[in-house]
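Hi,

Here is the structure I promised to pass on. My notes on it follow below.

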Amino acid sequence: MTTFHELHRGDRPLILPNAWDFASGALLVEAGFPAIATTSLGVAAAAGLPDGAAASAEETLALARRLVRLPVPVSIDVEAGFAADPESVADYVARLADLGVAGINLEDGRDNAALAPPERQAELLHAVRTRVPHLFVNARIDTYWFGVDQSSTLLRAREYAAAGADGLFVPGVTDPAVITALVEATPLPLNTLYSPAGPDIDASAALGVRRISTGSALYRAALGAALDLARTVRGDTAQSPAVPGYRDIQSLLTGSSPAVGRTCPNSST
């Protein structure tokens with residue numbers, strides 16, 4: 001079997017779709033994708049938990065245990081590591097590695113709002129690299145995802161590379177000039193997040209991108225399709241299909257959506 005590391009060295013970027021349960025992962029493998037990853041939003045939301053809040057560690061581990069049955073490499077999104085100290089993060093990642101997971105995403109975002117100091121994130125990456133040297137560690141940089149401290153992106157890329165990361169993931173970056181600068185900043189393969197606004201796979205390949213992830217897009221598209229079908233069965237007309245946004249899903253999970261807390265008229269709870 002081609003190793004996960006080798007899949008980042010092809011002529012074209014690795015298209016890495018993100019599953020949220022075993023069935024979605026198995027269907028993606030059946031469709032011919034050579035590797036799959038997980039979406040932290042999908043994993044958390046399926047359990048009624050918010051994303052990015054270090055709340056879904058056990059759910060993530062349970063899904064990993066199922067997905068490694070598939071005949072392709074599996075990468076697991078571990079948010080910020082589900083812990084604050086480097087040794088606890090490394091212990092958690094080692095449990096995933098023992099299951100047969102091929103890679104992880106480890107993000108420098110905290111609580112969907114702030115960024116960890118780059119030197120602190122480098123400590124986490126170094127601890128993971130030391131504990132599980134064979135694992136593909138994808139260092140996620142959330143400067144463009146949050147729209148904050150973007151001037152530190154290249155510094156973070158270099159620090160994370162020096163700490164032992166195998167790849168860099170910068171979701172939200174679409175500017176060709178920024179992508180080029182990131183590709184040139186380190187020898188590590190650059191991972192971007194799919195966006196309908198581009199750049200597309202050909203343009204990304206020309207810029208030097210080596211991996212493109214779908215993030216939560218597949219999960220949210222599935223929810224949108226299910227909702228549209230349910231409305232059709234109900235007889236709704238003049239509906240416009242819509243994919244719920246990331247924040248729409250998060251609001252359902254954090255209690256800020258009007259749908260949360262509603263009770264059935266015949267329910268006592």
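Asparagine 105 stands opposite asparagine 138 in β8; helices (H or I, at least four residues) and strands (E, at least two) are DSSP runs, numbered from the N terminus. This is a predicted model, where local features need pLDDT of at least 70 and side-chain atom pairs pLDDT 80 or more, while totals for chains, interfaces and linings use all residues. Residues are numbered from 1 along each chain as its sequence is written, and side-chain values use heavy atoms, leaving out hydrogens and water.

β5 and β8 (residues 136–140) run parallel, joined by five bridges; strands count as paired if DSSP finds at least two bridges between them. On the β4 side, the pairing is parallel over three bridges, and aspartate 77 stands opposite asparagine 105.

These strands belong to an open sheet of nine, in the order β1-β11-β10-β9-β8-β5-β4-β3-β2, with parallel pairing. β1 (14–16) and β2 (18–19) are at the edges with a single partner strand each, so one side of each has no neighbour in the sheet.

Best wishes
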